[in-house]
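Please read these notes with the model open beside you.

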Amino acid sequence: MRFSSFSFSRHVVTPVTIVLFVVSTVTGIMLLLHWNAGLVRFSHEWLSVGFSAIALWHLARNWKAFLGYLKRDWALAAFAISLGASLVITGMTGSSGPSTSGPGAIIGAVSNAPLETAAPLFGLSADKAVQALKAANIEARPDETLTVIGNRAGTNAIAIAAVLNGQRRRAPQS
């Protein structure tokens, strides 16, 4: 490769953008699924900042082409719909502090409730919940929270809730 044919954008920025996009996507999915969230949260946040910086650089460098896209009805509609959907999803699920409403608040409340309090949400008594967890090789006591039970089992409260929810689905209907 001759140096004169070197293009910073094509030879450096494009591969870095691809890598940061893939890593940000994978770590974002891991965070969504609460899988090794503590391990990936920091890298996801900072690598996403890097990805955003490169995306802004790309936007600035291609500003005329971007403005050309906005002159097309379908592109403008896609831009408006994706922006609106992002705002709606953020409004429904986001919070600026300890959430008191929405899915996050519900998950937090169930995760931090003692098993004896949370079990009825899955249609189980505390004793049946302990038995269901024992059948899944998870040690539990009725006075422990789903978070404590999950931590001891090497997982999280969501996984414990999934076991309990699966048990409810298998229970005979009366």
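1. Terms first. Buried means under 20% relative accessible area, exposed means over 50%, and partly exposed lies in between (1.4 Å probe, protein chains only). A salt bridge is a side-chain nitrogen of Lys or Arg within 4 Å of a carboxyl oxygen of Asp or Glu.

2. Basis. This is a predicted model, where local features need pLDDT of at least 70, side-chain atom pairs count only at pLDDT 80 or more, and totals for chains, interfaces and linings use all residues. Residues are numbered from 1 along each chain as its sequence is written, and side-chain values use heavy atoms, with hydrogens and water left out.

3. Salt bridges. Searching the whole structure gives three. Arg141 pairs with Asp143 at 3.2 Å, N to O. Arg141 also bridges to Glu144, with the closest N and O atoms 3.5 Å apart. Glu144 in turn meets Arg152 at 2.7 Å, N to O.

4. Network. Salt bridges link Arg141, Asp143, Glu144 and Arg152.

5. Is Glu144 buried or exposed? Glu144 counts as buried, at 8% relative accessibility. Arg141 is partly exposed, with a relative accessible area of 44%. Arg152 is also partly exposed, at 40%.
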